[in-house]
Amino acid sequence: MASAATDLYTSVVNAGRKQTGPRSAQPDQPDKVVTVEPKSADEIAAVLTDPERYPTPVRPSGSGSSTTRAAKVASGTRMDMTRLNQVLGMTKRTVTVQAGMRLRELDDYLAEDGFELTGACADRDRTIGGVISSPTLGVQSDPDVRQFSASVVSLTLINGRGRKVEVTQRTQDLLSLVRTSYGLLGVIYSATLSIQPRVATTMRSSKVDFDEFVRLLPEIAEQQMAMHATCYPFRDRVYLEQRLQDGCSNDNEAAMLPWRLKDWASTTVLPKVAEQSGKFKRLVLAEEVINCAWLFPVSRFAAALQTYRKYCVRHYRETRFRCDLPADVWFIGEDKSSLLSPCFDEPAFALNIRSTRRDGWDDFVLGFGEFATHFHGTPVFNQTPSFRPAYARRIYGERLHRFRAMRQKLDPEDRLLNQYFAEHLG
Ligand SMILES: Cc1cc2nc3c(=O)[nH]c(=O)nc-3n(C[C@H](O)[C@H](O)[C@H](O)COP(=O)(O)OP(=O)(O)OC[C@H]3O[C@@H](n4cnc5c(N)ncnc54)[C@H](O)[C@@H]3O)c2cc1C
């Protein structure tokens, strides 16, 4: 173990030399951060049990897409999980992988045998550990998998005391705690995920204005549609995208979006372009994009979306700032598979605003948060910058209380607790 621990000590990173994530909206100014890249479960345990060499807090990170300080440390240890990227086993129903594996690598591996994950994710650069540990909605083909983490059958966790814990469906309560636990109960070393034979799908898209989109919302919610929309508030334009399993692509199918939309076209390409100029101008790189997501109850979303549009216009008039990328909307069905699920009690629409412009972004996000709370929005801890901790405690209520109690039990020395979570979990 000692020599493994020596190998672990790959680098000491000083402030500014290396970023912990490419899309940080609120970067901490690190004093001294040790970055470690474990290559085995024992190495993870060695880090967690050696606070002298690997200072507290220890924060695991995947592809680093979180836009809050969830996976960041001002001083402490950053555990980069991406070297743990091996497939450990596969059956006809499951695949077991190390947590640092990228979805892209796993998708390709499964495709060779004609399989796919039941819970997919739109961005294939993410790591398995990251998408399990945070709310990640995907392009699911299994109606029971609302968030990626619901497709986890079992996993191996190294808790804050460096002990290996096998979490399986026999320990449902623990499994529900560990899904969407932001790396606060331990570091996920490996996960077993459900898979299925590949299903061919057809993408269909259409464009409507905001009023028409709002009119469609009840139907989308009622039919629990796998729907994604891209919203351009300044152009009063919404591109709708629906994924259908092959065999359901007939317009008369009940699962189809209406039918009243005359211009459905089969396409997989939506414009990833800047809105600012009003022209379809340029493609942007994922690394440049900052974002902020809130989830809204179905009953409030129509009003929230219209208010969002008005807010964009007013804010631009007053400050000349506007997001230069369109916002995303997804429908997410009720999901009780994890204790900190943001749609635990009811289905929700997620509204994710995005921009590459950073000057003025923080103020815009603050205002966005104000009206989001007015419409009973739910923040998520790694993708909603600038929400008030007291508000999150009210929204997550008793569940957050239970989570906090279990966190203290599994990590009594607070090895995994950074300043951000100390403030936001209370
Ligand atoms: C409604 C909604 C839908 C979303 N849908 C998508 C989507 O379709 N596609 C998409 O790409 N993103 C989506 N996101 C963003 C998503 O929340 C995550 O940002 C992303 O999936 C995290 O992956 P990552 O590898 O970048 O993890 P990181 O950002 O690196 O980490 C995320 C969290 O997980 C912890 N963590 C990372 N690895 C481990 C590990 N091995 N063990 C324990 N903890 C760990 C980190 O400490 C951190 O708290 C969505 C967010 C919301 C709110």
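Here is a friendly walk through this predicted model, point by point.

1. **Ground rules.** Because this is a predicted model, local features need pLDDT of at least 70 and side-chain atom pairs count only at pLDDT 80 or more, while totals for chains, interfaces and linings use all residues. Residues are numbered from 1 along each chain as its sequence is written, and side-chain values use heavy atoms, with hydrogens and water left out.

2. **The overall picture.** The protein has 10 helices and 18 strands; these are DSSP runs numbered from the N terminus, helices being H or I of at least four residues and strands E of at least two. Of its 426 residues, 57% count as buried. Buried means under 20% relative accessible area, exposed means over 50%, and partly exposed lies in between, using a 1.4 Å probe and protein chains only.

3. **Helices α7 and α8.** Two packed helices are described by the angle between their axes and the distance between the axes. Here the axes of α7 (residues 298-319) and α8 (residues 361-374) come within 11 Å and cross at roughly 150°. That makes α7 roughly antiparallel to α8. The axes are lines fitted to C-alpha atoms, for helices over the stretch in contact, and angles run from 0 to 180 degrees between N-to-C directions. Angles under 35 degrees count as roughly parallel, over 145 as roughly antiparallel, 65 to 115 as roughly perpendicular and the rest as oblique.

4. **Who meets whom there.** On the α7 side, A304, T307, Y308, Y311, C312 and H315 meet D363, F364, G367, F368 and F371 of α8. By class, this contact of α7 with α8 has seven nonpolar, three polar and one charged residues. For these classes, Ala, Val, Leu, Ile, Met, Phe, Trp, Tyr, Cys and Pro count as nonpolar, Asp, Glu, Lys and Arg as charged, and the others, Gly among them, as polar.

5. **Helices α6 and α7.** Helix α7 also packs with α6 (residues 210-222), at an angle of about 160° and with the axes 10 Å apart. That makes α6 roughly antiparallel to α7. The contact is made by F210, D211, F213, V214, L217 and A221 of α6 and V298, F301, A302, L305, Q306 and R309 of α7. The residues of this contact of α6 with α7 divide into nine nonpolar, one polar and two charged.

6. **A covered helix.** Helix α2 (residues 41-48) is mostly covered, with seven of its eight residues buried. Those buried residues are A41, E43, I44, A45, A46, V47 and L48.

7. Side chains of opposite charge can pair when their charged atoms come close. A salt bridge is taken as a side-chain nitrogen of Lys or Arg within 4 Å of a carboxyl oxygen of Asp or Glu, and the count comes to 16 salt bridges. In one of them, the side chains of D107 and R124 meet at 3.2 Å, N to O. D107 lies in helix α3 (residues 103-112) and R124 in the loop between β7 (115-117) and α4 (128-133), so the pair ties together parts that are 17 residues apart in sequence. Their C-alpha atoms are separated by 8.4 Å. D107 is partly exposed at 21% relative accessible area, and R124 is partly exposed at 31%. Leaving aside neighbours within four places in sequence, D107 is in contact with L117 and R124.

8. **Other charged pairs.** D328 and R354 also meet in a salt bridge, at 3.3 Å, N to O. This pair links D328 in strand β16 (residues 327-332) with R354 in strand β17 (residues 348-355), 26 residues apart, and both residues are buried. Elsewhere, R102, R104 and D125 are linked in a network of salt bridges.

9. **Around L417.** L417 sits in the loop between α9 (389-410) and α10 (419-425) and is buried, with a relative accessible area of 18%. Not counting residues up to four places away in sequence, L417 touches P57, L184, R407, D411 and A422. Two of these partners, D411 and R407, form a salt bridge, with the closest N and O atoms 3.7 Å apart, and both are buried. The C-alpha atoms of L417 and T56 are separated by 8.0 Å, although the two are 361 residues apart along the chain.

Definitions and conventions
Contact = heavy atoms within 4.5 Å.
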